[in-house]
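Student: I would like to go through this model and ask what stands behind each term.
Tutor: Go ahead.

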Amino acid sequence: MPVKTDRTDARAIAQMVRTGWFRAVHVKSELSQELRALLTARRLLVGKLRDIDNGIRGVLRGFGLKVGPIGERAFPSRARELAADRRSLAAVIEPLLQVRETL
């Protein structure tokens, strides 16, 4: 359409409805949208937790320290154990471990 106004838009929409040039769309239920939002938020937090873990491993590896394959619960104590000998390293690792605990 050469001139785009609300009036011409309304006329075009009415014409499409009259001629059948539209397709009905499915609108998801509110519960479905809430569940999707919850799962998206959870995926975000799990990803951030993994990023923190990998960041801690990377910082320690820079000093020649490897955490190794370890369980979820033993990870903080292992990271603290590796960083215990170096005060400046412990000062970097401890806040990351606190963020990890919060997540």
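Student: What makes the largest nonpolar core a core?
Tutor: A nonpolar core is a set of buried Ala, Val, Leu, Ile, Met, Phe, Trp, Tyr and Cys residues joined through side-chain atoms within 4.5 Å, where buried means under 20% relative accessible area with a 1.4 Å probe, protein chains only. Here 12 residues make up the largest such set: I52, I56, L60, L65, V67, F75, A79, L82, A83, L89, I93 and L97. Two or more residues come from each of α2 (30–62), α3 (75–83) and α4 (87–102), and α3 gives the most, four. The model is predicted: local features need pLDDT of at least 70, side-chain atom pairs count only at pLDDT 80 or more, and totals for chains, interfaces and linings use all residues. Residues are numbered from 1 along each chain as its sequence is written, and side-chain values use heavy atoms, without hydrogens and water.

Student: Which residues does I93 contact, leaving aside neighbours within four places in sequence?
Tutor: I56, V59, L60, A79 and A83; contact means heavy atoms within 4.5 Å.

Student: Why is α2 called roughly antiparallel to α4?
Tutor: Their axes come within 10 Å and cross at roughly 165°. Angles over 145 degrees, on a scale from 0 to 180 between N-to-C directions, count as roughly antiparallel, so α2 and α4 qualify. In this pairing, residues of α2 including I52, I56 and L60 meet residues of α4, among them L89, I93 and L97.

Student: How do you know that the length of α1 agrees with a helix?
Tutor: At 1.5 Å a residue, its 14 residues (6–19) should span 20 Å, and the end C-alpha atoms are 20 Å apart, so the two agree. The expected span is 1.5 Å times one less than the number of residues. Just after α1, G20 has a positive phi of about 80°.

Methods: Buried < 20%, exposed > 50% of the residue type's maximum accessible area, 1.4 Å probe, protein only. Parallel < 35°, antiparallel > 145°, perpendicular 65-115°, else oblique.
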